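Welcome! Open your viewer, get ready to select things one at a time, and follow along.

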Amino acid sequence: MKNKIVLEAKSINKSFYNPVKVDVLKDINFNLTRGEYASIIGRSGSGKSTLLYILSTMDTDFTGELIIDGISIRGKTEKQLAAVRNEKIGFVFQFHYLLNEFTALKNVMLPGFKLDKLSEEELEHNAYEFLKDLGIEKLAHKMAYQLSGGEKQRVAIARALINDPLVIMCDEPTGNLDTKNADIVFNIFKELTEAYNKTLLVVTHDLNFAKKTGRIIELDDGKII
Amino acid sequence: MKIKHITEISGALMRARWKQTLVAIVGVTFSIAFFISLLGFMEGLNQLLDGIVLNRTPHIRLYNDILPSKKQPIDLNATYKNHHNFISSVKPTNTRKEIYNATQIINKLNKDQRVLGVSPKITAQVFYNLGNIDLNGIINGVDVDKEAELFSFNDYVVGGNLQKLKTTLNSIILGQGAANTMRAKVGDIITVTSTEGEQFSLKVVGFFKSGIAEIDKVQSYANISTTQKILGKNSNYISDIQIKLKEMSLAPTLAHEYESFFKIDAEDIQTANAQFETGSSVRSIISYAVGVTLLIVSGFGIYNILNMLIYEKMDTIAILKATGFAGTDVKKIFISISLSIGITGAITGLLFGFLLSLSIDAIPFNSPSLPTVTTYPIDYGIQYYSIAAIFALITTFLAGWFPAKKASKIDPVIIIRGK
Ligand SMILES: Nc1ncnc2c1ncn2[C@@H]1O[C@H](COP(=O)(O)OP(=O)(O)OP(=O)(O)O)[C@@H](O)[C@H]1O
Ligand SMILES: [Mg+2]
């Protein structure tokens, strides 16, 4: 159970053409197993975000193969990919992205509406619990735009957890947090991998944070070193 | 994904931009309200104008035409069978305007399912005597009840009482124009001279006003037996049978059928009054064109507002897609926005259209030639309401479709990276 591979990247290459060809990712190969807590580090512009967009199935314009939970994403329709994202991947963006038209709680619940497995009451209960774990349950009924950067970041983390995904990908989740809150997030992630057997892939600039994770993947100029 | 959650998201988006949403709704409301009141008013006018003539005109009229016999004696002569005859100025002889077996024909027609009603009529050429002066006149002998039932006779009788025509011996309803010339009042006795030279005294029991002055100077009404007396005919004499059909458009076909069946002349309303049909339909087409244009313009309003909303809510769309919403879900969200605008606008538009019609209906409108009309005419036909509603829904759906399709194609990576 523990060593089951949940995500497999096979010789992934990605280039931008505008107007000259720039290779951003070069022959990326790695696996993530169940319960693994991995971090990606690298200089700015080394291709970390680009890799994460590919791994999260949002970007399909690459060569190579990506296998999630044993299934290749090649040839899947936009709709099927959306379903994979919804069910199996939780994503926390580099910049906290919330829907300003909704409360913090509703923001957390939205991916659950799409998945449509739990009743609205159960969903609301789960969302509230996640907010509580992140220490922001008091903000549940505030509108998203009324929250501070760090608070938004934590709501976004709760949103990534709501559908109980296999893999959680984060693009600098602690970028806007002070050390205390960064520690809270780190510990939540650690608990998720240990107690719930989730797989975590976290892009970070924070070397201290990275060192505490189980595995460090370093990117340099589009290559894993 | 539940509809409830789609509408929850679209509701939130609309609330975030409630002013623009309101403007779009008001646009639909206005176009529907104007569509309904414009068409109702136009159709009301059409019916009023057509009604002046068409209400008073039978759908089919059966009569004996005064024509020379189609088969002249020379045609019967075998010797000239293959010749052409040049006999000119052939005159009709012995023509009887009377319809044979009028009673049987009427009975037969009354049993016909397609016929709404039958009313016999005779006309008598007379002179109204006014001292030394004789005025030309025509007295129509009618069956009062049938005439009222089929040709809204009571609408055209002003002053006096229509029913008196039945109960008072030798009574007449004078055309308003003729009455004015004669200074006749209700209760007065007037004298008329028949073409045979006989004089009759008739009691005025009311006045008739058709809306067409020329007619009112000449035409008067009496009951059938009085008219038969003036003509010096017996009580079987009927010269016209007027038929009103359930379906007016059948008139030409049925006229042909009756013509051959009863061996009689028949004239249908379409042939007799072709110009009215044309006028009405042209007016209808123009008002439909204006109304539909209004609805389409409001559709463009929705299209613009949705495009703007999508442009502003790019981030929202990108996050939804990144968290697993498919393009079709995004499309549904935006189509439901446009349909909510359409439906809300349509409902309020129908209501305002009705209120606007009511207020037009209350504006005083007096025309000397239209005694029964006191306010602007409005037709409250359900068809305008349903056409407006259906058309509004179709345009809003289309106006939403294209922006929604655009929204569904947004690439989240581009938006998220662009931050
Ligand atoms: N749409 C694009 N067209 C061309 N080049 C691009 C495009 N998007 C990204 N790049 C380039 O790809 C490289 C990798 O970008 P990426 O965002 O993955 O870097 P990163 O490692 O996440 O950096 P950071 O730590 O600053 O977030 C950069 O050099 C960037 O300029
Ligand atoms: Mg980055």
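Begin with helix α1 (residues 48-55) of chain A, which gives the most to the shell around ligand 1, with 3 residues. Helices here are DSSP runs of H or I with at least four residues, strands are runs of E with at least two, and both are numbered from the N terminus. This is a predicted model, in which local features need pLDDT of at least 70 and side-chain atom pairs count only at pLDDT 80 or more, while totals for chains, interfaces and linings use all residues. Residues are numbered from 1 along each chain as its sequence is written, chains are lettered from A and ligands numbered from 1 in the order in which they are written, and side-chain values use heavy atoms, leaving out hydrogens and water.

**Stop 1: ligand 1**

Now select ligand 1 and its surroundings: 15 residues surround it, and the closest are A:Ser44, A:Gly45, A:Lys48, A:Ser49 and A:Thr50. To be near, a residue must have a heavy atom within 4 Å of the molecule or strand. Because these residues come from chains A and B, the site is shared between chains.

A:Thr50 places a polar side-chain atom 2.5 Å from an oxygen atom of ligand 1. From the other chain, B:Arg417 has a polar side-chain atom 3.0 Å from an oxygen atom of the ligand. A:Ser46 uses a polar backbone atom, 3.3 Å from an oxygen atom of ligand 1. The protein covers 67% of the 640 Å² of accessible area that ligand 1 has on its own, computed by the Shrake-Rupley method with a 1.4 Å probe.

**Stop 2: strand β9 of chain B**

Select residues 240-245 of chain B. Is this strand mostly covered or uncovered? It is mostly covered, with 6 of its 6 residues buried, where buried means under 20% relative accessible area (1.4 Å probe, protein chains only). B:Asp240, B:Gln242 and B:Lys244 point one way, and B:Ile241, B:Ile243 and B:Leu245 the other way.

**Stop 3: a helical span**

Finish at residues 21-42 of chain B, one of the spans that an unreviewed UniProt entry calls "transmembrane region". This span is 100% helix and 0% strand, and its end C-alpha atoms are 31 Å apart.

Definitions and conventions:
UniProt positions renumbered as here; feature names shortened; annotations may be inferred. Buried < 20%, exposed > 50% of the residue type's maximum accessible area, 1.4 Å probe, protein only. Polar contact = N/O pair within 3.5 Å; in protein donor to acceptor, adjacent residues only side chain to side chain.
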